[in-house]
Amino acid sequence: MPGTHPNNQVPELKDYNVYTIDPVLRRAVERGGAQWRDAELVRQGAEYGAEATLAAADDANRYEPELQTLSPLGERIDFVKFHPSWHTMIAMGRRNGITNLPYVDERPSAWTGYGATLYMNAQIESGSNCPNTMTKACVPVLRNNQALFDELWPKLANTEHDPRDIRLADKKSITVGMGMTEKQGGSDLRSNTTRAVPAGSGPWGDEFLLTGHKWFFSAPMCDGHLVLAKTDEHGSSCFFVPRWRPDGSKNPIHIQRLKDKVGNRSNSSSEVEFKEAWGVLVGGEGRGIPTIIEMATNTRLDCALASAGYIRQALVQSLHYTRHRHAFGKALIDQPVMTELLADMALEAESATLLAMDLASHFGSDDPADLAWRRLMTPAAKFWNCKRAVALTGEAMEVFGGNGYVETGPMGRLFREAPVNSIWEGSGNVMALDVLRAVARNPDDAHRVLDHLHDVASQEPRVLAQATALRDAIGLPPQELERQARRFTQRLVLCAQACLMLQHASAAASAAFIGSRFDPEWGPVTGISAGTSDPAALLRAAWA
Ligand SMILES: Cc1cc2nc3c(=O)[nH]c(=O)nc-3n(C[C@H](O)[C@H](O)[C@H](O)COP(=O)(O)OP(=O)(O)OC[C@H]3O[C@@H](n4cnc5c(N)ncnc54)[C@H](O)[C@@H]3O)c2cc1C
């Protein structure tokens, strides 16, 4: 008797190596000089793709963090309870280098090795990246207070996760978050109202008591946060505010509630009230925004890397699904319209990975060319990769048909995760304006970057025309250019991606990318028919 469930369902993608199936990533690691990390990345790739890791990632998001404001005796504890799988994922990210690799290992290529890990971690579980990457990003900021830094560095450099909620002095390792956004505005930090009042000085320098609120305060179980608050004398300043005061008493940072978020649900994000919370000054009084912005530059790279990871995961899941699922007598991957769509996704994944990994390789160096690239391309890559991840994860959900829209498969979580990278650490418009600010403040940097794009594109008229248009645009009056901020940023990124494809992709892939992205009729739903005669070849190349 034939069953009532003829089976055309697709087995879960599991026990695969996230790293070794990704030829674009592996080549980027080599190009960035991080071959020394290759064997470790092979190990990590297997760990991230293992069935047990996928199950832990799922559980960390299914069994969500729970706020416990009071102890059974009615004392404030402001404690967030997590499922053990959250700690599994946090510990894995930390062990694999997300919390500190580029500062523990001072070779510039450590940034490339770090980037590869973050990109893989994001494909499997992204909530845990929030506290882990913030901890890494706080390192250059904390160096502005040497005494504090000397005390914290061994705990920041430790690769073993220590989940205990105890004072800093007793911890093996710590995590550090950031508190900037208030109710009245997150982009315009000058509107902050939290106040800091001097309270003497101690071994870590000037001490203050902070009173006010933060409307978004992710990972409140971090052992400390870098917080913006205003002093009466000098205005906006940056403070290190630990969860526990050095004397072992609880610092009065009251968690009002946890945010009920669209995605990123494994990670707790909160609203907090500071009631004379104890903190120490980091950086000059009155220099809060420039001090903490270094942390944001660092995490903007992370957003570009993680979003490239989401795009890659959208592609990998789509390829796996369409190889196994059949319709109208063929595997879906072999239906010409689907092949076309998947090839377009493969180009998007390759160009996003190249952009993010190339950006990572410019970190950790004081060379003027690296500095120029970082200044201009960090906000640009953050803008673009994060936006494209929202579109691509939605498209990949549809590749799964109805199975994409249910929580029994991987696509719902990936789709819900994508938009947050575009919002936090500077939303889209703010990033586009930041690109223009970088041009206005450092015109020599902008010329250096555009000259480089011109050189690479010299034999490719369609890309050269874009590089020339960018040069023309930076000559426009500032007000006119401001209105075009998003258009300028899009052109800059596409031009940079086309140049990276010309340099590092196969001739077929770069021709398809340039042929489609600079075709006036290309749009997010059209596929790449203008760009190549053999889209299936691009798919074969995308999965080693
Ligand atoms: C899940 C989550 C976790 C977060 N965690 C933290 C955290 O740990 N610490 C923290 O400090 N913050 C955190 N944030 C806050 C986040 O950084 C802010 O939401 C973000 O910076 C935007 O600020 P806002 O929400 O106040 O929006 P607004 O500043 O009100 O901006 C709204 C919109 O206006 C646009 N806009 C702003 N200025 C301009 C302009 N001049 N021209 C044109 N458009 C403009 C923005 O691009 C945005 O699209 C978190 C946010 C989320 C969603």
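Modeller: Start with helix 10, residues 336–361, and helix 19, residues 535–542. In this predicted model, their axes lie 8 Å apart and the packing angle is about 50 degrees. The crossing of helix 10 past helix 19 is left-handed.

Notice the two values used there. Two packed helices are described by the angle between their axes and by the distance between those axes.

Helix 9 covers residues 288–324, and helix 11 covers residues 368–399. Their axes are 8 Å apart, and the angle is about 25 degrees. An angle under 35 degrees counts as roughly parallel. Helix 9 and helix 11 are therefore roughly parallel to each other. Helix 9 passes helix 11 in a left-handed crossing. What kinds of residue make up the contact of helix 9 with helix 11? By class, there are 14 nonpolar, seven polar and three charged residues.

Helix 9 has another partner, helix 12. Here the axes come within 10 Å and cross at roughly 155 degrees. Angles over 145 degrees count as roughly antiparallel. So helix 9 is roughly antiparallel to helix 12. This crossing of helix 9 and helix 12 is left-handed.

Helix 12 leads us to the ligand. Helix 12 (411–423) supplies at least two residues of the shell around the ligand. How many residues surround the ligand? There are 20, and the closest are M180, T181, G186, S187 and S218. By class, the shell has nine nonpolar, nine polar and two charged residues.

Now look at single atoms. G186 is among the closest residues. A backbone N or O atom of G186 lies 2.6 Å from an oxygen atom of the ligand. F216 also uses its backbone: a polar atom there is 3.4 Å from a nitrogen atom of the ligand. N429 uses its side chain instead. An N or O atom in that side chain is 3.0 Å from a nitrogen atom of the ligand. How much of the ligand does the protein bury? Taken alone, the ligand exposes 970 Å², and the protein buries 66% of that.

Definitions and conventions
Residues numbered from 1 in each chain as written. Predicted model: local features only at pLDDT ≥ 70, side-chain atom pairs only at ≥ 80, totals over all residues. Heavy atoms only, no water. Near = heavy atom within 4 Å. Polar contact = N/O pair within 3.5 Å; in protein donor to acceptor, adjacent residues only side chain to side chain. Areas by Shrake-Rupley, 256 points an atom, 1.4 Å probe, with all protein chains shown as cover. Helix = DSSP H or I, 4+ residues; strand = E, 2+ residues; numbered from the N terminus. Nonpolar A, V, L, I, M, F, W, Y, C, P; charged D, E, K, R; others polar. Axes fitted to C-alpha atoms, helices over the stretch in contact; angles between N-to-C directions. Parallel < 35°, antiparallel > 145°, perpendicular 65-115°, else oblique. Left-handed = near helix turned anticlockwise from the far one by under 90°.
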